[in-house]
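Here is a protein model to read together.

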Amino acid sequence: MQKRRLGSQGLEVSAEGLGCMGMSQSYGPADEAESIATIHRALELGVTFLDTADMYGPFTNERLVGRAIAGRRDEVVLATKFGNERREDGSWIGVNGRPEYVRRCCDASLERLGIDHIDLYYQHRVDTTVPVEETWGTMSELVAAGKVRCLGISEAAPATIRRAHATHPITAVQSEYSLFTREPEAEVLPTCRELGIGFVPYSPLGRGVLSGTVTSTAQFRPGDFRASAPRFQGENFDRNLELVARLTAVAERKGCTPAQLALAWVLAQGADVVPIPGTKRRRFLEENVAALSVELAPDDIATIEAIAPPGAAVGDRYAPEHMARVNV
């Protein structure tokens, strides 16, 4: 497995990670046995960078990951997050960046995961009612206490990234990034590179659509959030599927799957970029890992980007209330 370095704090991770959210929510019914088998297979393949969050489930995903890595902690670089506050029944409370909440969340995540330290601790969403310096001052205390190794922030605007980084060095910024979501290229990625911060794209397969396996909304099972996301509705979805068809033709010429092509493109964006495609099935994990062997020549990249330039995908990636919480 290739390795990549995130940020300037010495955090080295597998060149491709594994997003674990879908094992517990958002994409239909859970299958705990297959999910744990998928994590174990990831470790066998050298995918040691695992990503979870307290809100996933809520809380159940951290417990699942904790069970999967029990006795294998030294093999894993573990990332989790705080900031999206939910109740045990899953209902939404709000974004919370208050110091006492940060401390409480960290301790709870350590307990659920069954570990004594978190390798990469993200502020999942920015609380606009609390100065980011106040939140990050508390996060810095967690590093000093040995509970956390490195710090990250998710879906933050460039100005917020700069303020947080001035308080404590940011190791990684996590944002949605794919051939369908190229907005970070305008300001977020350049800011990260100026400051020496790694970049971790989530949903690098456009929430599965870039894999070419999603062709109808009828495929969405109960509990799949895509059924209500603007990007997957009506004419938006039809136009986005047209882009996927054109990318699929390129993948066929390259002798790889559409998912592998999309991941290879993300991986080619720089050695400071570490995508975390999510899956809860071993066969998709293995397909994703094989993307590391797909080589894209400059002509290939030009062809891909001509098909899916910035803004090519139609429709917001979240419903309006969720879009209000990103890039702030």
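The questions below go from the whole fold to one strand and its neighbours.

Reader: What kind of model is this, and how are residues numbered?

Author: Residues count from 1 along each chain as its sequence is written, and side-chain values use heavy atoms, without hydrogens and water. Local features need pLDDT of at least 70, side-chain atom pairs count only at pLDDT 80 or more, totals for chains, interfaces and linings use all residues, and the model is predicted.

Reader: How many helices and strands are there in the protein?

Author: Both are DSSP runs, numbered from the N terminus: helices are H or I with at least four residues, strands are E with at least two. By that count the protein has 11 helices and 11 strands.

Reader: Why is the protein said to be as compact as a globular protein of its length?

Author: The radius of gyration is taken over C-alpha atoms, and the globule rule is 2.2 Å times the number of residues to the power 0.38. For 328 residues the rule gives 20 Å. The protein is close to that, so it is as compact as a globular protein of that length, with a radius of gyration of 19 Å.

Reader: In what order do the strands of the open sheet lie?

Author: Two strands pair if DSSP finds at least two bridges between them. The open sheet has 7 strands, and the pairing is parallel. Its edge strands, β3 (18–19) and β11 (198–202), each pair on one side only. The order is β3-β4-β5-β8-β9-β10-β11.

Reader: Which residue in β5 is the bridge partner of Phe49?

Author: Strand β4 (residues 49–51) pairs with β5 in the parallel sense over 3 bridges. In β5, the partner of Phe49 is Val77.

Reader: Which residue in β8 is the bridge partner of Thr80?

Author: Strand β8 (residues 118–123) also runs parallel to β5, over 4 bridges. In β8, the partner of Thr80 is Tyr121.

Reader: Which residue in β10 is the bridge partner of Ser154?

Author: Strands β9 (residues 148–154) and β10 (residues 172–176) run parallel and share 3 bridges. In β10, the partner of Ser154 is Gln174.
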